[in-house]
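Here's a quick briefing to go with the model on your screen.

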Amino acid sequence: MRPDPTSPTQWTAALLIGAALILLLYNTLPVALAYPKAGTAALVLFALFAVPFWWLRGRLADHLTLPAAAPLLGLAWGATVAVMTSLFGSRALYGLFATAWGPSWAERWSPVLAAPVVEEIVKTAGVVLVVAIFWGRVHGVLDGVVLGAFCGVGFQIVEGYAFAMSSTVLNRAGDVVEPVIAVFIVRGVLAGLWSHAIFTAIAGAGVAYAATRRTPRSVGVAALALAGVTFLHAVWNSPLLRDGLGLGALGVLAGVLLKGLPAVLVLWWIVRWARRNEPPVAEASLREAEEHETPGRRGGRGLPGGGAGVHRRLLTRSNAAEI
């Protein structure tokens, strides 16, 4: 992506990401400097979230046209703008809930009613902005899946890092990595598979569907995708099955699977649908070229002399060679 000083979308992304980065560093840098070993371990461990999704991008490369700069920009948005906006937005809604129904009610239900709404809207807004920056270069739904996944990964990395550093400070054991590893096992291994990256990948699929179809129905599909992931996120944050129905560790694990697996299955279905219904980039380009070169179709749109003219010239050259 080349910087374009006349592009309002690029200016919007640069200003918002820059401002959010300053706020993020202001809130995290003092603790990172006080606990360098724990901070480095947390950053490395939670950055591993990006590995499977970069691998996924490689697996789906034949269906993708967005350049590598697009998911990286989505990653930056998720790690900065989405995190900081969600932090302040969720706090504001918590205050409203506490005023209306009391602090204890807000403490219990704010993660269900506030966080999913704010976080999913802001992450999806980042997907929309990146699609606008690379307008016309989205091939299909899978471009949105990958872009949304990286936006969610950026959010997940910073959120996991923040929880790990908070646990380190509260542990009062100094600059050690044990609290970081414990948080990573819970938030990375157990909860990482069906968290922000999956949610935003589904919403990103809806955005890409709307961007490539450009019909009222496709916009409705995108809105439905956003509403759906907000609901799945709310279910994930809810106290439902959190105690494992009193069945111990296995019950808790079963509850995690029951609450998290639906999002994974929805994304799996979307990827399968897109690979069946949207041709690979090379095949789509070949079809378009063949349509342009088909004789009798407006003289071969976009080709000098038309498709029929091309065929006539080739035939003339062939006859001349035979002579």
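Let's start with Arg 172, which counts as exposed because its relative accessibility is 76%, over the 50% cut-off. Keep in mind that this is a predicted model. Here's the rest, by topic.

**Arginines with positive phi**

- Arg 172 sits in the loop between helix H7 (141-171) and H8.
- The phi of Arg 172 is near 55°, so a positive value in a residue that isn't glycine, whereas most residues other than glycine have a negative phi.
- Arg 214 also has a phi near 55°, again positive and again not a glycine.
- You'll find Arg 214 in the loop between helix H9 (196-213) and helix H10 (216-237).
- Arg 214 has 56% relative accessibility, so Arg 214 counts as exposed.

**The nonpolar surface patch**

- Ile 181, Ile 185, Val 186, Val 189, Leu 190, Leu 250, Leu 253 and Leu 257 make up a nonpolar surface patch of about 700 Å².
- Two elements give two or more residues each to the nonpolar patch: helix H8 (178-190) and helix H11 (248-277).
- H8 has the largest share of the nonpolar patch, with 5 residues.

**A closer look at Leu 190**

- Leu 190, one of the patch residues, belongs to helix H8.
- Is Leu 190 exposed or partly exposed? Leu 190 counts as partly exposed, because its relative accessibility is 37%, and that class lies between the 20% and 50% cut-offs.

Terms used:
Residues numbered from 1 in each chain as written. Predicted model: local features only at pLDDT ≥ 70, side-chain atom pairs only at ≥ 80, totals over all residues. Heavy atoms only, no water. Patch = residues over 30% accessible without salt bridge, like charges linked within 9 Å, V, L, I, M, F, W, Y side chains within 5 Å. Areas by Shrake-Rupley, 256 points an atom, 1.4 Å probe, with all protein chains shown as cover. Salt bridge = Lys/Arg side-chain N within 4 Å of Asp/Glu carboxyl O. Helix = DSSP H or I, 4+ residues; strand = E, 2+ residues; numbered from the N terminus. Buried < 20%, exposed > 50% of the residue type's maximum accessible area, 1.4 Å probe, protein only.
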